[in-house]
Amino acid sequence: MISIAIIDSGVYYEHPKLKEYHFNGVSISEKDGKYVVTDDIIDRAGHGTAVTGILCQAGIEADFYIVKVFLTEEMTVEPDIMMKALEYIYENVQCEFILMSLGTPILDNAAALIDICEKLSERGTQIVSAFDNSGCLSYPACIKSVIGVDSADYIREKGAYEIINGDGVIDIRARGGLQRVCWVEPSYRLVTGTSFAAAHAMVSMVSAYEAGARNKEGLLAYLRSGAKRVIEFDKINGGRKSLFHIAKAIVYPFNKEIQTVLRYSDQLTYSITHVCDEPLHGCVGKDADKLLFGTGSKKRTIENIYDVFEYDDFDTVIIGHLRELSMITNKPLLKNILEKCLDANKNVYSFDNVNEYHEMVEAAAAKDLIFSSPVCSMGFPAGRLGRLWVSSKPIIGVFGTSSRQGKFSVQLLLRQIFMEKGYEIAQLGTEPASLIMGMDKIFPLGYDADLPFRNEDAVILLNEMVHEMEMQEPDVVLVGGQSCTIPYDVNHIYDLTFSQWDFIVGTNPDLIVLCVNPQDSQEYISRTIHFLESIGHARVIGLVLFPMQLEQEWYGFSFKSMRLNDDAYNAHREVLEGFFHLPVYRLCKSGITDLCAQIIESLSSDA
């Protein structure tokens, strides 16, 4: 006879529908920091009785082993108690199934829960678990070795279900709509929820098991033929591919994005052997460090890109944006450089999308070379059905009011300072240089981005990226968006920054750093802050004031900028702090160090 362990609020075995069944089990609770195991399995909440009643009324012939745990009003369980219940079953109970019509959306130590679920699966015990009723992805239902159950409103028959053929997160949906179930007081109750869908799915699992199906894959495969519907998703592992290994690289051209890479080259895990540019760009022969920092020693002289392919001291060519330079020179520069790289057997990481030249990409692959760009590996995580992960780690977001105000520099400095303080950092960037600067993930929203996702799909993918970074167990997750969080005006559809809004919702930061310019009006900064704090649950913790001011601006086009001296900068800072009652930080190592200290203090007080 099949044995089923039910982790829930216990069972009211005196219920008229349950009297003829025999129940064994234990109660697990925590008292004074110690776990207490007793034989009290009587249900006083009703939830466990309802779940058990669905199984019994379906006529299942099984031995039921009850593991009673305390449930909150939201019918969730404390992660530590859930872990202890699973460990107890692993060590003391032999069973074919574990039914968990409960779980938790937030888990600090997912690795331990995944490990015990996999151990149970390997020994032949299959866990069937319900997802959270709030709509988020929850544990243990989302774990690959667990059969995760959701509810489908259109399914009203007790034995009906549908199979989700995605990537193993949501596996089956069953009847979770309004239904009459056994209860404690009163004896019956009308309820809805994924908890009861999981119980109905359990009935189908038992039928599949009795027919000879085993393990998660076998059970779901057997049930496909009897499903009301099978939902197929492409199994795409997109948007989560790491950057290929780079040992030595050259960079080209000497433009804004590449200059940022050079400024923070001390954070790279590889060396830059040549700084290159187009000969007509006017920088060839000049000292790169003098152009960047005002001082230099010609250790990094800018070279003609077409002269360096004779060298063997690099394996990768990092190519910045070339569209504007191509229009100026009237040459297909990206195509030309890709041809050079293909002939010289060099890998490529291009900020512009190389898929336009798919024949060269395929030719490179045939030579074991990699021609890649930020959008090449973007894909959609399958089978989520709209459910999102709830973050378990603090997320810090860096956003801005406009372009060219050092947002990417703030992100790089924050990471550097956090790491110097001993914190483990995971980071998601939107600049095309994010991966080559050592960030973990990229969602390219910057100049000339051509993403295959919009709106809800983008939110789901971003949410998945953040979750994958959290699985690395960092102390802090850093994310950074693009300019113009909200539009100045709404005169054209392109004034609306939809992708920026998707990014904010998809990453859902806890604290936000807002980069501002001296010429930004207080009204515009105020609207931006209100928007950022209303679109999610974040609060703006401080402002980073960019130390350059535009002298002329006409309809968004800047003509000349000047660096603020200390007196002018401090005057702007005092005005902003007095108006917004927020600290204002300078964009430099010392200023961002102070910002980092403020973030740490805020996270400590929030905890």
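Modeller: Happy to. The largest nonpolar core has 52 residues, and those touching the most other members are Leu414, Phe418, Ile436, Met437, Val544, Ile592 and Ile599. By nonpolar core I mean a set of buried Ala, Val, Leu, Ile, Met, Phe, Trp, Tyr and Cys residues joined through side-chain atoms within 4.5 Å. Buried stands for under 20% relative accessible area, exposed for over 50%, and partly exposed for what lies in between (1.4 Å probe, protein chains only). Helix H11 (residues 407-420) gives the most to this core, with seven residues. Helices (H or I, at least four residues) and strands (E, at least two) are DSSP runs, numbered from the N terminus.

Before going further, two notes on the source. This is a predicted model, in which local features need pLDDT of at least 70 and side-chain atom pairs count only at pLDDT 80 or more, while totals for chains, interfaces and linings use all residues. Residues are numbered from 1 along each chain as its sequence is written, and side-chain values use heavy atoms, with hydrogens and water left out.

Now to Phe418. Setting aside residues up to four places away in sequence, Phe418 touches Tyr423, Ile425, Val476, Leu478, Cys596, Ile599 and Ile600; contact here means heavy atoms within 4.5 Å. Apart from this core lies another, of 45 residues, which includes Ile60, Ile147, Trp183 and Ala197.

Cys484 has a positive phi of about 55 degrees, although it is not a glycine. With a relative accessible area of 15%, Cys484 is buried. For another case, look at Asn345, whose phi is about 60 degrees, again positive in a residue that is not a glycine. Asn345 sits in the loop between helix H9 (333-344) and strand S18 (347-350), and at 43% relative accessibility it counts as partly exposed.

Next, the helix pairs. Helix H13 (residues 498-507) packs against helix H14 (residues 522-535) at about 45 degrees, with the axes 10 Å apart. That makes H13 oblique to H14. Axes are lines fitted to C-alpha atoms, for helices over the stretch in contact, and angles run from 0 to 180 degrees between N-to-C directions. Angles under 35 degrees count as roughly parallel, over 145 as roughly antiparallel, 65 to 115 as roughly perpendicular and the rest as oblique. On the H13 side Trp501, Ile504 and Val505 meet Phe531, Leu532 and Ile535 of H14.

In the other pair, helix H1 (residues 47-57) and helix H4 (residues 194-210) have axes that come within 8 Å and cross at roughly 25 degrees. That makes H1 roughly parallel to H4. His47, Ala50, Val51, Ile54 and Leu55 of H1 make this contact with Ser195, Phe196, Ala199, His200, Met202 and Val203 of H4.

Lastly, the whole chain. It has 16 helices and 29 strands, and buried residues make up 55% of its 607 residues. Its C-alpha atoms fill a box of roughly 90 × 60 × 45 Å along the principal axes.
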